[in-house]
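Have the viewer open and follow along.

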Amino acid sequence: MPDFVSKFTKVKKMRSQLLVVAKKNPTPLYLYDAAEVKTNLTMFRQAFAKFGLQSKVFYAIKSNPYAGLLKTVVDEGVGLDVSSQCELKLALAARAKKIIYTGPAKTEKDFELILCHHSKITVNLESRRELELLAKMAGAKKITMRCGVRIHTKIQQGWTKFGIPLAELRAFYDAAKRYKSLRFCGVHFHISYNKTPEKYVAMLVELANYFQKNFKPQERENFAYIDIGGGIYPQPFEGVHTWNPNQESYFDNYEKTLDKVLNNKFHPRFKPLVVAPIEKFAQDIVVAWHTKISPLLPRVELYAEPGRFISHSAMHFLLRIIDVKNPQLGITDGGNNMFGWEKYQFFNYVPLFNLSQFDLKNEIPFLTCGSLCTPDDVWGYYIYTKKTPKAGNIILLPFQGAYTYTLAQNFIKEIPPVYDVRFI
Ligand SMILES: Cc1ncc(COP(=O)(O)O)c(C=O)c1O
């Protein structure tokens, strides 16, 4: 259950400063909150350290590539996980010292850029074609490129386009060892949307069994990392709409449902997301690591590529109500091109706060729409407010950093600027 109480306290703390920001700057705005990023990063690292394992963190840029955020994580001593040339350029601009390059179907152009910056990069390869191509290109430049391979098992069902089956790891290793231009030393896997740690543990156990059966002890010494990817869910500041528990994105009876929402027929108004705390993830992963992995692979370090865990609370949306069409319908200046999908319309309930008529106790049914020229542009169905919102009121949708800014698009309206807030 997300810690709504402490988040509400922070909203209260942010309010007066944000009203000043809205007075001095045109809205809509993304607000970047570096303090949230630092807190999330510390929580992540300390959870593993508490159980006796130093994890090497590579923040997954794809979850939020804002340059200020990348600078924050790099300043905190963290590496970056990139998945394309454009993300690699962002990582280089942020002066990342360590970079993991993970992503399917890498091309010659991708490897050209990677080789230009080879001393900072580890490549997670995805296929034999990539292996041969990188070996050839690195050899031609007399470079030894650090790399590993992405594997999948039954746990990555539906994700077989990524990497190689675990059963092919031995043959892949033998192929890599033929090239002096490669330092093949790692294994990577990724599992998405984990609200509990079971799948990580199952992957580590399966990997350990495979290594025991297929690699001699001196061969295992060549492995320097196991990269468990991203996918650890944070305690996000959001829930699921009660009327859409399966998070469907097509709705037959949307109008009728909307009527019921606005007539306050749904109690509770949202279903909280139940997610294990990071300590539980860390504890179970570290136990599997110490009992299964370390005895077999004494030199490996644990790499992790958290994205949403670090960025989920890093941004807030600041909007202004432009039109109030009736006592239950308002339109803001910002629209859903700021996050690029129907997140709040169908997928997630997130509290909206009227900063101009502030009241943390009174949440009324009120449809807050964006101003794009499409009906699929909804910020929320309820709002915390003293009285019916008015034109000019400043609205906050807080703690919305993961896979929002990344997916912003120039659809109808331009992407608004980011404002760095430092709360005092
Ligand atoms: C290879 C890889 N690493 C890391 C991540 C980040 O995942 P998350 O934001 O869920 O932590 C992703 C997301 O798809 C990924 O594909």
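Start with strand E3, helix H4 (residues 85-93) and strand E4, which together form a right-handed β-α-β unit. Right-handed here means that, with the strands pointing away from you, the path from the first strand over the helix to the second goes clockwise. The helix and strand labels come from DSSP runs (H or I of at least four residues for helices, E of at least two for strands), numbered from the N terminus. Before going on, a word on the model: it is predicted, so local features need pLDDT of at least 70 and side-chain atom pairs count only at pLDDT 80 or more, while totals for chains, interfaces and linings use all residues. Numbering runs from 1 along each chain as its sequence is written.

E3 (residues 79-82) runs parallel to E4, and three bridges join them; strands pair if DSSP finds at least two bridges between them.

Now look past E4. Strand E5 (residues 121-125) pairs with E4 over four bridges, again in the parallel sense, and Tyr101 stands opposite Val123 in E5. Here too there's a right-handed β-α-β unit, made of E4, helix H5 (residues 108-116) and E5.

For contrast in topic, hop over to Leu360, in the loop between strand E15 (353-354) and strand E16 (363-369). Leu360 counts as partly exposed because it has 13 C-beta neighbours inside 10 Å. Leaving out residues up to four places away in sequence, Leu360 touches Phe8, Lys12 and Tyr384; contact means backbone-placed C-beta atoms within 7 Å. Leu360 and Thr385 are 25 residues apart in sequence, with their C-alpha atoms 7.3 Å apart.

Finally, zoom out. The chain has 13 helices and 19 strands, and buried residues make up 42% of its 424 residues. Among contacts between residues at least 6 apart in sequence, 76% join residues at least 24 apart. The C-alpha atoms fill a box of roughly 70 × 45 × 40 Å along the principal axes.

Note on methods: A residue is buried if 20 or more other C-beta atoms lie within 10 Å of its own, exposed if 12 or fewer, and partly exposed in between; C-beta atoms are placed from the backbone. Two residues are in contact if their C-beta atoms, placed from the backbone, lie within 7 Å.
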